[in-house]
Amino acid sequence: MFIDVDCSQLKKYNQNAYGDYFVSKRYPDEGRLIAVLSDGLGSGIKANILSCMTATMLLKFVECEVNIKKAAEIIMNSLPVCKVRKISYSTFSAIDCDDDGNVKIVEEGNPEFVWVRNNEIMVPEFQEVVSKEFANRKMKTYKFKVEKGDRLIFCSDGVTQAGLGGPRLRLGLRREGLIEILKDKLSKDNKISSSELSKYIVKQAKNIEIDGKPKDDVSAMVLYFREPRQSLIFTGPPYHQEKDPEYSRIFDNFRGKKAICGGTTANLVSRELSRPIATETTISIGNLPSCSHMEGVDLVTEGILTLTKTLEYLDTEIGNNENAGVKLVKFLLDSDCINFMVGAKLNQAHYDPNLPIEIEIRKNIIKKMAKVLEDKYFKKVSIQYM
Amino acid sequence: MGKINVKVCLGTTCFVMGSSNLQELIETVPAKYGEAVEVLGVPCLGLCSIDWEYSRAPYVKVDNDVVYEATVEKVLSAIERKLGNE
């Protein structure tokens, strides 16, 4: 199973920093994922520091399987004390899970998470753990197994208390209201990604707020256990030309979405598989060469320039046009497991100092792209050099 | 006489060396020659990797004739030559 995780957030109205903090890390060798959502006391920078410290420390503790009671005590003792309230406080939800569906969760102070299976709400068993040092810190720990298609939704109280005191929902949205929103959305779109669902929850919470102004930080963290969406990107001709047929066959036989990034690569696949390349009647869109088309391939682009631009988009923000880089970003973000086949053959012409721009080595771009895809977008990435 | 095929190389080298400026051909050629000439962008003509020492990108092919350091003017005159107008 693939664990699709994402989190969407909104700042409290009039604040310039998020008071909730989300952090997630994958451990590809163990097929394991840890994600933490923390809500710091108050709002703005102060809350941001508290929640950031809590989430990052907790991630480390969970990673090392430190006793959770001990971990929570260490965190509480480490947090800076609020000048006004003379206390230090943050709430958290942490999940430690793996590809086989084994899930361990610890919650403290955050709204109880929601477990959805086939659009029904599951009720997991839990144990209560009380800290000796901090009697008011009651934690709930859960241990259960999820199945393919299950979702786990965590949120900060900014979601469940959205609309509090308003004419429509005097007590706020509450967990029941969140469940209603989830059931409604999932009945219409049961394959929705975690990224889209978390955005949807946050948007709904904002809409419920009076004047659409959140009175607290709003966060929704979603995990979706599903069949991974595989994709393969073939870029650059293989170092040994005699291997062209073999790699073209591997590419052709791949089950999942496929892209080719590189003119020479497109030509060699076209030659080996006897599939013509159809081109568009434009030369350039958004400063990049336009795409071509090949039967059985979802996207065919130019190589280095498009990859460089794509990396820039992934690093910063996606471009506002329909160029090949934007298409490649969408292709990548619509995948869970991304496989790169990277040809090691260099085109000497790319390194001519007379070229008006510097062209980077393909291997380096792909390495950087893999890192961004893993660290920022939580994708599983594999690279095969040819 | 068959249709003349003009292929503009959209490979990396050609694109940065100026084929990105040949979009004009896509618009002007059909207006000027109608169905007789077709202009397309193609993934890579593979010429820079053979000819790289001379750095003569961007390359355009007018049928089988290669236009080096292609500009709109050079491509148009290559088409004219093909049509026997020059």
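Analyst: The largest pocket of this predicted model has a volume of about 640 Å³. A pocket here is an open set of points on a 1 Å grid over the protein atoms alone, where a 1.4 Å probe fits, with protein on both sides within 12 Å along at least five of seven lines; lining residues have an atom within 4 Å of a point. Grid points are joined across faces, edges and corners, and the volume is the space filled by probe spheres set on the points. Its lining comprises 29 residues, with Asp6(A), Ser195(A), Lys199(A), Leu333(A) and Tyr377(A) nearest the centre. Two or more lining residues come from each of strand 1, helix 5, helix 8 (304-315) and helix 9 (324-333) of chain A. Strand 1 of chain A makes the largest contribution, seven residues. Helices (H or I, at least four residues) and strands (E, at least two) are DSSP runs, numbered from the N terminus. By type, the lining holds eleven nonpolar, six polar and twelve charged residues; Ala, Val, Leu, Ile, Met, Phe, Trp, Tyr, Cys and Pro count as nonpolar, Asp, Glu, Lys and Arg as charged, and the others, Gly among them, as polar.

Helix 5 of chain A also has a buried side. Its buried residues (under 20% relative accessible area, 1.4 Å probe, protein chains only) include Leu197(A), Tyr200(A), Ile201(A), Val202(A) and Ala205(A). The buried residues of helix 5 of chain A pack, with heavy atoms within 4.5 Å, against strand 1 (2-10), strand 10 (151-155), helix 3 (157-160), helix 4 (174-188) and strand 11 (218-226) of chain A.

Of its 30 lining residues, Pro237(A), Thr264(A), Lys345(A), Asn347(A) and Ser49(B) lie nearest the centre. Helix 7 (263-273) of chain A gives the most to this lining, six residues, while helix 1 (12-17) and helix 3 (48-51) of chain B each supply at least two. The lining of the second largest pocket divides into nine nonpolar, 16 polar and five charged residues.

Residues are numbered from 1 along each chain as its sequence is written, and chains are lettered from A and ligands numbered from 1 in the order in which they are written. Local features need pLDDT of at least 70 and side-chain atom pairs pLDDT 80 or more, whereas totals for chains, interfaces and linings use all residues; side-chain values use heavy atoms, without hydrogens and water.

Conventions
Buried means under 20% relative accessible area, exposed over 50%, partly exposed in between (1.4 Å probe, protein chains only).
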